[in-house]
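I set down what I looked up, entry by entry.

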Amino acid sequence: MAMHFDLTDMQLMVNVAGAQSMTKGAERSFLSLPAASNRVKNLENHLGTALFYRNSQGVTLTPSGEAFVRHARVVLRQLEHLRGDIQEYASGVKGRVRVYANTTAMNEFMPTILANYLAAHPDVNVELRERLSYLVVKAVADGSADIGITAQAGGGESIEFLPYRTDRLVLITHQDHALAANAAVDFDETLVYDYVGLSEASAIHAFLLQAADDLGRVLRFRVEVSNFEAACRMIAAQVGIGVIPESAARRYVKDLPLKIITLNDAWALRRLHICVKQFDKLPVFAKELVSLLVKDGATEKSSE
């Protein structure tokens, strides 16, 4: 049986069900009571089933009515989302750029870059998500992301990689910690101590767990926090030690009793790359964000 549903009928059914009254439901739908009653009867005839139980106190939904209203609410909600999205375009929000980045880029570089970009592009929204580097590349490859910032320099079919910045991970301890006398240590040496880590949602959390697992060791998180500042304050309180980007560590070591220690492991020094799939096919506003990132990376090189 072919079924064609009228949006006015859907909204009427939702309103009547919510009010448990045909009269109030009609008012909320801006219909006269006879017109509303006629619409419901025609809908019931079309569906071949009663949608309401009618009594002197009002109306209540039949099982088929409950099913209809449940689906009608979903449809009407989706239409509201559609209307909202279209209104964004109509009001000048003409584009959306999806950016996936690893922890360092997400926390250290993107806030300033996006502030500048969005100020210059009031008609563009940016969706920014944090992911492990290999998942960043995967997202760009499968189209989930338009732009990625990753510690990988390859992988993924038709992916273009552009050099960006240097990402150095360092060990942070309290100034009185047993490791604080060292200028440099191996990550393996640190694993006998409790760690302060970022939350499981952070890409760096999974990265360090994997680094420990590769050594056949276990990394013990004594506490997990949401950002680099909280991690440094916990370390300053001698809760544990931690690994964070050097750029973040240097901000907080000025005011807290912390020691920055170089990690000897090769993975501690990473080259970040911007990755895109077929740059020429990106929208103009996405290309402009890539250009801004490239310019930002060049600024780092010129300051070295």
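**Entry 1: the largest pocket**

I looked up which domains line the largest pocket, and found that domain 2 (93–165 + 274–301) and domain 3 (166–269) each contribute at least three residues to its lining. The domain bounds come from an automatic or database domain assignment. The model is predicted: local features need pLDDT of at least 70, side-chain atom pairs count only at pLDDT 80 or more, and totals for chains, interfaces and linings use all residues. Residues are numbered from 1 along each chain as its sequence is written, and side-chain values use heavy atoms, with hydrogens and water left out.

I noted a volume of about 220 Å³ for this largest pocket. For the search, a 1 Å grid is laid over the protein atoms alone; a pocket is an open set of points with protein on both sides within 12 Å along at least five of seven lines, a cavity is a set where a 1.4 Å probe fits but cannot get out, and lining residues have an atom within 4 Å of a point. Points are joined across faces, edges and corners, and a volume is the space filled by probe spheres set on them.

Of the 14 lining residues, I recorded L132, S133, A203, F207 and R270 as lying nearest the centre of the largest pocket. Helices α5 (103–120), α6 (133–142) and α8 each supply at least two lining residues, and α8 gives the most, with 5. Helices (H or I, at least four residues) and strands (E, at least two) are DSSP runs numbered from the N terminus. I sorted the lining into 7 nonpolar, 5 polar and 2 charged residues. Here Ala, Val, Leu, Ile, Met, Phe, Trp, Tyr, Cys and Pro count as nonpolar, Asp, Glu, Lys and Arg as charged, and the others, Gly among them, as polar.

**Entry 2: the second largest pocket**

I found a volume of about 150 Å³ for the second largest pocket. F5, M10, L47, T49, L51, S64, A67, F68, H71, A72 and V75 line it. Helix α4 (residues 63–90) provides the largest share of this lining, 6 residues. The classes are 8 nonpolar, 3 polar and no charged.

**Entry 3: the cavity**

I searched the whole structure and found 1 cavity of 30 Å³ or more. About 50 Å³ of space lies in the largest cavity. Its lining consists of V196, G197, L198, I204, H205, L208, G242, V243 and I244, with at least two residues each from β8 (195–198), α8 (203–214) and β10 (242–245). I counted 6 nonpolar, 3 polar and no charged residues there.

**Entry 4: helix packing and domains**

How do α1 and α3 cross? The axes of α1 (residues 7–19) and α3 (residues 33–47), as lines fitted to C-alpha atoms over the stretch in contact, come within 10 Å and cross at roughly 105 degrees, on a scale of 0 to 180 degrees between N-to-C directions. That makes α1 roughly perpendicular to α3 (65 to 115 degrees). T8, D9, L12 and M13 of α1 meet A36, R39, V40 and L43 of α3, contact meaning heavy atoms within 4.5 Å. I classed these residues as 5 nonpolar, 1 polar and 2 charged.

I also noted that domain 1 spans 7–75, and that 49 Å separate the centres of domain 1 and domain 2, taken over C-alpha atoms.

**Entry 5: backbone**

I noted a positive phi of about 55 degrees at Q20, which is not a glycine, in the loop between α1 and α2 (22–28). Q278, also not a glycine, has a positive phi of about 55 degrees and is found in the loop between β12 (269–277) and α11 (284–303).

Terms used:
Parallel < 35°, antiparallel > 145°, perpendicular 65-115°, else oblique.
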